[in-house]
Each structure stands twice: as structure tokens, then as C-alpha cells.
Amino acid sequence: MEHYLDNSATTKVCPEAAQAALKAMCEVYGNPSSTHTLGREAKKLLDSSRAAVAKAMGCTPAELVFTSCGSESDNWAIINGAEAMKRKGNHIISSVVEHDAVRKSLDELEKRGFEVTRLVPDDKGAVSPEAVKSALRPDTILVSLMLVNNETGAVTDINGISKLLKREKSQALLHTDAVQAFMKIPFSAKTLGADMISVSGHKIHAPKGIGALYIRKGLKLKPFIVGGAQEDGRRAGTEAMPQIAAFAAACEAVGNVKENAERMNSLRTLAAETLSAQIPELVLVPGGAPHILSISLPGWRSEVLMNYMEAKEIYVSKSSACKKGGRSHVLEALGYNSKVIDGAIRIGLSRFTTEEDITALCQALKEAHDTLAHS
């Protein structure tokens, strides 16, 4: 029996999303920009889908632009957000534990002459408002910090940082990569207070190839992809209607986000407590999100442990899937030694995760610990 626990890398498409995509491909297949009947039907589907995702995000439909993925949303927000503000300064605040889509966008901006301060998280893996305050300068034009860390699950107080920027009368735009937080922990664009929010569909049981960027009303952000006048002139290219419809359906299928979070958190706690009792050497990496559990078996190689579990149809990962097996820069930044980093495993839960999945995981890891030689 398969036990899929790599939901932070991607999720299985839910039936509602698959059906919505199929209908868009086979029935409502017109171009939303066309003026004939099929085009108007597609435009109606586009509008209703945007409204559904915007409702889940807690924003107006006009503030939501569809993208190809979370990485595109991050690139767009950071690079064009900084460029939009460059006449007012060139200083940016971020952290050393961001996703590569943010890190490499910042690298690009540094090549263009911007100055980036990368903050080190606290002992819980999050970046505090106080740390942002200490780095804030009159020429700070952008703050970009992820809401939920994709490797540890650490939760950063974006609302607190938003309030700080307002108290300090800072001109800085606030962006957050909320890819790992969207529909996993309760939040809305209004409660976060960010100017730009990146989300992705394939983390919430929609297909790969669809994301969105919330752009606060009144903020003028140049298009990242130029060409046609789609997305109200903000992103060129014919809208990916099957993925967009599926994204909307996945959002609507989630149900009560708070209840799902509580259920996932109880399973996460069960896994942490069971594994800690069974494996005394186990290291639990701090993290507050209900759906991500980062652990390490120092002295064991994560690849070996993963292969052992894969043979039992239990699927986890060692860090961000985007690294393709590379070492975790997040755990390095948090100060863990090489043995802890090399033995790290990330367990990703979803609303479909069961207690049976957790039991199978714990049994397999205990067997692996007892069976495999240190490498």
C-alpha cells in the first residue's frame, strides 16, 4: 500500500480539480480573449475561477493574477517590485532560508546594483519583526520573507512585519512567498498585510503549471512576461484554462482550512512523539506549520533511509525537491552540523494524510534505524 508523505514537494491532484481541468479541455475550450460564443464561455469560466481563488486568498479578483507557478510569482514580485522602487532606494531585506526562487531573484538584483541584507532566523527557524526592524534603513524598498518555510515548516509573522513597516513609516514593499502556507494555515491577504503574495496550485491538489500573485490594489507592477493584453494587461500569454479551472476547484474542495490544519497537526505531533520515543538520537527541527515535519537521524544518510522506505512504498524527501538531491541551505543556515544535515528527512502531510500513513512511516523508520549500518 502506498503512503505518500512528500506533499511539500507536490500533491496528488484531487478528483474535483481533475474533473474541472477535463471539462475546460474538452468542453469549455475556447480562448477567453475570443469574442465568439466559445470564447465568452471560457471568459466566464476564467472570471469565476479567479473569483474562487481570490476568495480563498481573501482578496478581490482584480488583485489576483494567474501565473505558471510559485517561482514565477516570486520572480515577478521581487525583481519588478524592486525595479518599481529603485528611484527611492536600493536596499532589500530577506533571509538566508528562502526558497531558491527568491534567493536567485535576489542574486539577480545584486548584479543590478541592489544591496540585499539576508537575515538569519531565530532558534525557531523564523524571522522576527525585531530582526527586520534592526535591518531596516531609510533606503529599504523591499522586504521579502516566506510565510512558511518549505523545509522546516517554520512560520514567520508576516502580519507583525507588516505592522512594523507601517509603524516605522517605511516605504518598503512587503512580499511573502506563501506557497507552503496557502490553504494549509488560515490567512488572508487582508490579515497578512503584504503588498504581494505568491501561491501555487500543485501544493493544494491542483495540477502543476499554475500559480498566482496577489498584487495589492494601487500597486503598479510592470508585467514580467510581455506580449498580449491578457490578465488585464499584467501578464501576457493565453490563460492556461484547464489549470486555472482546476486551481479554483482545488481551492473550493479544501473546505475548512482551520479544521484541516488541526487534523494535520495532530498527525504531525503523533509522528514526532512516536519517532522521538523509538529513536533516541532523532533530531526534531523546529517548525510551527501543521503539515511539515523535518527530522534527522544523525549518522545515517537520508538517501539510504529514503531508499529503504521507498521499497516499502513510503515516500518522503530530504529537502526541497527543487534542489534535486542537493544539500539543504536551510539547515546549514540554521547551524546544524554535517551529520544532522546529511541525515535529514522532510515529511509533508496533506488533508488526505491518514493515521495509517503515519504508523507506516514510523515503523519503517524504526526498522531502517535498526537495520541499516551508519554510512
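Five bridges tie strand 10 (residues 292-296) to strand 12, and the two run antiparallel. This is a predicted model, so local features need pLDDT of at least 70 and side-chain atom pairs count only at pLDDT 80 or more, while totals for chains, interfaces and linings use all residues. Residues are numbered from 1 along each chain as its sequence is written, and side-chain values use heavy atoms, leaving out hydrogens and water.

**The sheet**

- Strands here (E, at least two residues) and helices (H or I, at least four) are DSSP runs numbered from the N terminus.

- Helix 9 (residues 257-278) and helix 13 (residues 355-371) have axes that come within 10 Å and cross at roughly 20°; axes are lines fitted to C-alpha atoms, for helices over the stretch in contact, with angles from 0 to 180 degrees between N-to-C directions.
- That makes helix 9 roughly parallel to helix 13, a label for angles under 35 degrees.
- The contact (heavy atoms within 4.5 Å) includes Leu267 and Leu270 of helix 9, and Ile358 and Leu365 of helix 13.

Conventions
Two strands pair if DSSP finds at least two bridges between them. Angles under 35 degrees count as roughly parallel, over 145 as roughly antiparallel, 65 to 115 as roughly perpendicular and the rest as oblique.
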